[in-house]
Amino acid sequence: MPGVLAKARLLVAALWAGSLWAVGYLVAPTLFATLPDRVLAGSIAGSMFHSMAMLSLGCALAMVLLLWRATPGWTPQRRRTVLALIAAMALCTVASHFGLQPMMAELKAAAGPGGVMESAAKSRFGMLHGISSVIYLVQSVLAGWLVVKQT
């Protein structure tokens, strides 16, 4: 059974990392590059990032459970390192999705039909978006490290 759980742990880590990379660095940029309406592209991307946040929280929970049950041969230090990676990635999700995203959504709602990039809140939105992008990049790097630590 531990062999199956170890493989499940690797699959969850790969799912988490791969979905982060696909949504953030392939799908979202493609939406903005191909759709003529940037407001629509942003709306679709926002919906995808919401789904990604929920998937991230689910993967974090699954990884903690698998770390607890499927690492009998690991040293305590290795377990702590992987737990710290999982916690840091989950914290990135919480900070971005539940901290920054509501502020960005409020700016979008107040901007009206022209979109936030045509409003007075453009610079504040840009700053929040930039911070969110840096957090996403950090989470993406941590995800690669998480996958590597599974082997």
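Which residues form a nonpolar patch on the surface, and with how much accessible area together? Select W21, Y25, L137 and V141: they make up this patch, with about 410 Å² of accessible area together.

Before you go further, note that this is a predicted model, in which local features need pLDDT of at least 70, side-chain atom pairs count only at pLDDT 80 or more, and totals for chains, interfaces and linings use all residues. Residues are numbered from 1 along each chain as its sequence is written, and side-chain values use heavy atoms, leaving out hydrogens and water.

**Stop 1: the patch**

Keep those four residues on screen and colour α1 (2–34) and α4 (122–148), the elements that give two or more residues to the patch. Patches are made of residues with over 30% relative accessible area and no salt bridge; like charges are joined within 9 Å and nonpolar side chains (Val, Leu, Ile, Met, Phe, Trp, Tyr) within 5 Å. A salt bridge here is a side-chain nitrogen of Lys or Arg within 4 Å of a carboxyl oxygen of Asp or Glu. Accessible areas come from the Shrake-Rupley method with a 1.4 Å probe, and for residues only the protein chains shown count as cover.

Now centre on V141, which lies in helix α4. V141 counts as exposed because its relative accessible area is 55%, where exposed means over 50%, buried under 20% and partly exposed in between (1.4 Å probe, protein chains only).

**Stop 2: the whole chain**

Zoom out to a cartoon view. You will find four helices and zero strands, running α-α-α-α from the N terminus on. Helices (H or I, at least four residues) and strands (E, at least two) are DSSP runs, numbered from the N terminus. The C-alpha atoms fill a box of roughly 55 × 25 × 20 Å along the principal axes. Buried residues make up 34% of the 151 residues.

**Stop 3: the core**

Next, select W16, L20, M63, I86, M89 and L146. Of the 22 residues in the largest nonpolar core, these touch the most other members. α1, α2 (38–69), α3 (76–111) and α4 each supply at least two residues of this core. Apart from it lies another core, of nine residues, among them L100, M104, A121 and F125. A nonpolar core is a set of buried Ala, Val, Leu, Ile, Met, Phe, Trp, Tyr and Cys residues joined through side-chain atoms within 4.5 Å.

Stay with W16 and show its surroundings. Leaving aside neighbours within four places in sequence, W16 is in contact (heavy atoms within 4.5 Å) with residues including M52, C59, M63, I86, Q139 and L146.

**Stop 4: a loop and a glutamine**

Is T71 buried or exposed? T71 lies in the loop between α2 and α3, and it counts as buried because its relative accessibility is 3%. Not counting residues up to four places away in sequence, T71 touches R9, L66 and R79.

Then move to Q101, found in helix α3. Draw a distance to Q77, 24 residues apart from Q101 along the chain: their C-alpha atoms are separated by 34 Å.

**Stop 5: the UniProt spans**

Finally, select residues 127–148, one of the spans that UniProt lists as "transmembrane region" (unreviewed entry). This span is 100% helix and 0% strand, with end C-alpha atoms 32 Å apart. UniProt positions follow the numbering used here, feature names are shortened, and annotations may be inferred rather than shown by experiment.
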